[in-house]
Amino acid sequence: QDVLARFGARAPPHRGPGHWGAMVLTELGQKITGAFRKLNTAPIIDDELLDEVLKDIAAALLHADVNVRYVSELRSNVKKRVLLESDAGGVNKRKLIQKAVVEEMVRMLSAEKDPYKLVKGATNIIMFVGLQGSGKTTTCTKYAHHYHRKGWKTALVCADTFRAGAFDQLKQNASKVRIPFYGDYNETDPVKIAAEGVALFKKEKYDLIIVDTSGRHKQEQALFDEMQQVAETVQPNDIVFIMDSHIGQACFEQAKAFRECVNVGSVIVTKLDGHAKGGGALSAVAATNSPIIFLGLGEHFDEFQPFEAQSFVSRLLGMGDLKGLFQTITEAMPLDKQPELLNKISKGKFSLRDLYEQFQNLQKMGPMGQIMQMIPGMAQLMPKGAEKEGVKRIKRFMVMMDSMTEKELDCVVNMCDSRRFRVAKGSGSRMDDVHMLMDEYKRMEKMVGKMGKSGLFGKGGDLTQLQRNPGQVMQKMQSAMDPRMLQQMGGAQNMMKMMKEFGKMENMGGMMDGLGGIDPGQIQNMQKMMGNMKKGGRR
């Protein structure tokens, strides 16, 4: 994270992929945050101020095309809750109002029904349905790419014989992300193509088989009949409806019509990056009790984000998403590798090979703009679009390291000028680029050495004293981090709060002996943020 923040720091600002800032919904978050700020700065919280704050929030939601009935319910429920709970002794009215608003927004975006959960090691058949022009074929590829990056064996089947060029589009998309696909130019029966494709990939034991079906310009009966026939033939584990968010509140009727025809299990909302009706689309789909599982944020394959109501609202309001951050990091870095890295950190050891592995882990985590949004207080650290430049630079560095010998990667030989020249020539880079790589490595090595000497990590390290002696841990943390970076993170107090939040999480992958109940995944995560982001403060 530090490398991306540092390397992309001077990139020209623009609406980059993966940023919530690229979404018009960001304006909604800013307006609600502004209403909360008014609440926090007021000396007295009375009914008049509460009405004013709720009025601002309601106006923001209506501007985002949320149905007036849902907005009215939110205002009414928040008022009732504040009246009931504010009389209790010791209640912080400001926090109560903020919490009530957040919880009502989460409720508005949540469906009672849980989405289908893919089973690793089994064959999961997922059928995509939707109107023509909703971004269905592109979303199929995004979905496949998302799970392919996580290690799933995925495949695509083009059963769209209605739209000219559908197979060519899927073929081109699948080739870009290196995912196998099946289709037939000469066959006009979508049911036959779907059956053949699914049978082929089942035989080859694929984990995830995605079937792309035909769309129409409107809700024609022929479309529904075809969907039913394909569904009856391939027997999908889940039917995913692709919803174009441009139509706003009209999503309700469309999603309802599809659910009445086929057993729609979940919804993916697309095109949330270019209009002001995203709020209406999200709330309308949730109202049909069809759980939203992903959001499409742009045309690129990585502009695709899992949806969970609590996390979405938290990030929308700039509060971060530590749970999502932890899941992303543990998926990128296997649990069996964490103790090994933690041991190296505790000894202050860090090689170019370790740096290469961290670059690989960063690539698995997805767009860095999304990761930064998960860290409280970090959303504005990186300029919009800066992560693109950072990713390019990391890829160039990895190519340079691919030209190094085993001894050079393990740092057992000195990288003299002749070795650097050879690496530059072998990787097609300039000597200045190789010097830059080595400078960044030396900074990382120095930082890891400082962290190892601080005694924060390792068996019996000071992190075991987190609950009992937070002051001592905070002091060591301040000495190990760049002061400007620590300030951007909200200070040591905010870092302590984040660490405690990680400690409360369940299913963190097991405990590490001698670490006082702190999970290695938690420590690994904090190592990334404390160490790797140090350079993010140097601009």
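The model is predicted: local features need pLDDT of at least 70, side-chain atom pairs count only at pLDDT 80 or more, and totals for chains, interfaces and linings use all residues. Residues are numbered from 1 along each chain as its sequence is written, and side-chain values use heavy atoms, with hydrogens and water left out. The secondary structure comes to 24 helices and eight strands; helices (H or I, at least four residues) and strands (E, at least two) are DSSP runs, numbered from the N terminus.

**Overall figures**

- Of the 539 residues in the protein, 55% are buried; buried means under 20% relative accessible area, exposed means over 50%, and partly exposed lies in between (1.4 Å probe, protein chains only).
- The protein exposes about 24,000 Å², and carbon and sulfur atoms supply 49% of that area; accessible areas come from the Shrake-Rupley method with a 1.4 Å probe, and for residues only the protein chains shown count as cover.
- Among contacts between residues at least 6 apart in sequence, 75% join residues at least 24 apart, where contact means heavy atoms within 4.5 Å.

- The eight strands form an open sheet in the order 3-2-4-1-5-6-7-8, with mixed pairing; two strands pair if DSSP finds at least two bridges between them.
- Strand 3 (181-182) and strand 8 are the edge strands, and each pairs on one side only.
- Strand 1 (residues 124-129) runs parallel to strand 5, and four bridges join them; here Phe128 stands opposite Val240.
- Strand 5 (residues 238-244) is joined to strand 6 by five bridges, again in parallel, with Phe241 opposite Val267.
- Strand 6 (residues 266-270) and strand 7 are parallel and share three bridges.

- Five of the five residues in strand 6 are buried.
- Both faces of strand 6 are covered, with Ser266, Ile268 and Thr270 buried on one side and Val267 and Val269 buried on the other.
- Strand 7 (residues 292-296) is also mostly covered, as five of its five residues are buried.

**Helix 10**

- Strand 5, helix 10 and strand 6 make a right-handed β-α-β unit; a crossover is right-handed if, with the strands pointing away from the viewer, the path from the first strand over the helix to the second runs clockwise.
- In helix 10 (residues 251-261), the buried residues are Cys251, Gln254, Ala255, Ala257, Phe258 and Cys261.
- Seen down the axis of helix 10, these buried residues fall within an arc of 155°, so they line one face of the helix; the arc is that of the directions from the helix axis to the C-beta atoms.
- An α-helix has 3.6 residues a turn, so residues three or four places apart point the same way.
- Glu253 and Glu260 are exposed on the face of helix 10 turned away from its buried side.

**The largest nonpolar core**

- The largest nonpolar core has 77 residues, and those that touch the most other members are Ile32, Ile57, Leu61, Met227, Phe258, Val269 and Leu295.
- A nonpolar core is a set of buried Ala, Val, Leu, Ile, Met, Phe, Trp, Tyr and Cys residues joined through side-chain atoms within 4.5 Å.
- Leaving aside neighbours within four places in sequence, Met227 is in contact with Met127, Val129, Phe258, Cys261 and Val262.

**Two further residues**

- Thr141 is found in helix 6 (residues 136-149) and counts as buried at 0% relative accessibility.
- Not counting residues up to four places away in sequence, Thr141 touches Leu156, Leu170, Asn173, Ala174, Val177 and Phe301.
- Asp433 lies in helix 20 (residues 431-454) and is buried, with a relative accessible area of 12%.
- With residues up to four places away in sequence not counted, Asp433 touches Phe397 and Met400.
- Asp433 and Arg420 are 13 residues apart along the chain, and their C-alpha atoms are separated by 9.8 Å.
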